[in-house]
Amino acid sequence: MRVTFLGTGSAMPVSGRGQTGLLLESETNAILVDCGSGVLERLAETTVGYEGISSVLLTHHHLDHVSDLMPLIKARWLVGEDDLEIVGPEGTEALVEGLLDVHDYMQDKLDLQIREVGPHEFGIAGFDVMGYEVRHSMPTLAYRFTHERGENDFVFSGDTEAFDGLVEFSDGASVLVHDCSFPDDIEVSNHPTPSALGEVLSGSDIESVYLTHLYPHADRVTDELVESVESHFDGDVAVAEDGMVLEF
């Protein structure tokens, strides 16, 4: 499995970080997970490109996770592609229909296949995925992707507080990419601080954790984020950066 970080920032722009987006590739398939502002540009820099993305999986519908969705639809139409699958939690169909009502000239330009999923197993673009409901200010799903050889699972938390249930959901994974929006000196809900994340990760069987969704407050102290998590968690910890590629 190959994971490319297309956007590791948040709703408050930080130089060098697009909003949330991940490109997942197996030996035969590719999928875009979330599609925030700046993600389409980064996707265009990959060998897959937006031409090679026929499926998008959304964790939730906040603007910094979906704002490049309509630009993706238009870009695929302009290069001659004729379809796009959009999968996400409850409300995804209404989201896309609402966007098309606003940008009505894009209606019927692509064959859009919209599917809503929940905390259960499903397949998308050749990937086997398990959804898990997390703790955020709107319905949000974390996703666990199983490698086609049945090993080296990858988990993306989406936006969420740190809590035991999500760590149990992620246990045994090779890589967990987890929201770490703010440093320890910020009081916050719906997102974790690094100490809170480290505490719930303590004792878990996860090989590597990558911290993402950084607000400017966290972006200024990335070394402190890592140190705070590592003070509780024995696995590898790193801050994700746009353009970073993981292969496992």
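**Note on the predicted model**

1. A search of the whole structure finds 9 aromatic pairs. Rings of Phe, Tyr and Trp (its six-membered ring) pair if their centres lie within 6.5 Å. Planes under 30 degrees apart count as stacked, over 60 as edge-to-face, and the rest as tilted.

2. This is a predicted model: local features need pLDDT of at least 70, side-chain atom pairs count only at pLDDT 80 or more, and totals for chains, interfaces and linings use all residues. Residues are numbered from 1 along each chain as its sequence is written, and side-chain values use heavy atoms, with hydrogens and water left out.

3. Take the pair Phe127 and Phe145. The two rings are edge-to-face, 6.2 Å centre to centre, with 85° between the planes. Phe127 sits in strand 8 (residues 127–133) and Phe145 in strand 9 (residues 141–146). The two residues are 18 apart, so the pair links distant parts of the chain. Strands (E, at least two residues) and helices (H or I, at least four) are DSSP runs, numbered from the N terminus.

4. Buried means under 20% relative accessible area, exposed over 50%, and partly exposed in between (1.4 Å probe, protein chains only).

5. Phe145 also pairs with Phe154. Their ring centres are 6.0 Å apart and their planes meet at 35°, so this pair is tilted. Both Phe145 and Phe154 are buried. One aromatic cluster takes in Phe122, Phe127, Tyr143, Phe145, Phe154 and Phe248.

6. Now the whole fold. The protein has 8 helices and 14 strands. Its radius of gyration is 17 Å, close to the 18 Å that the globule rule gives for 248 residues, so the protein is as compact as a globular protein of that length. The radius is taken over C-alpha atoms, and the rule is 2.2 Å times the number of residues to the power 0.38.

7. Buried residues make up 55% of the 248. Helix 3 (residues 69–78) contributes Leu69, Met70, Leu72, Ile73, Ala75 and Arg76. After helix 3 comes Gly80, with a positive phi near 95°.

8. Finally, charge. The protein has 11 positive and 48 negative side chains, and the centres of the two sets lie 6 Å apart. Lys and Arg count as positive, Asp and Glu as negative; His and the chain ends are not counted. Each charge is placed at NZ of Lys, CZ of Arg, CG of Asp or CD of Glu.
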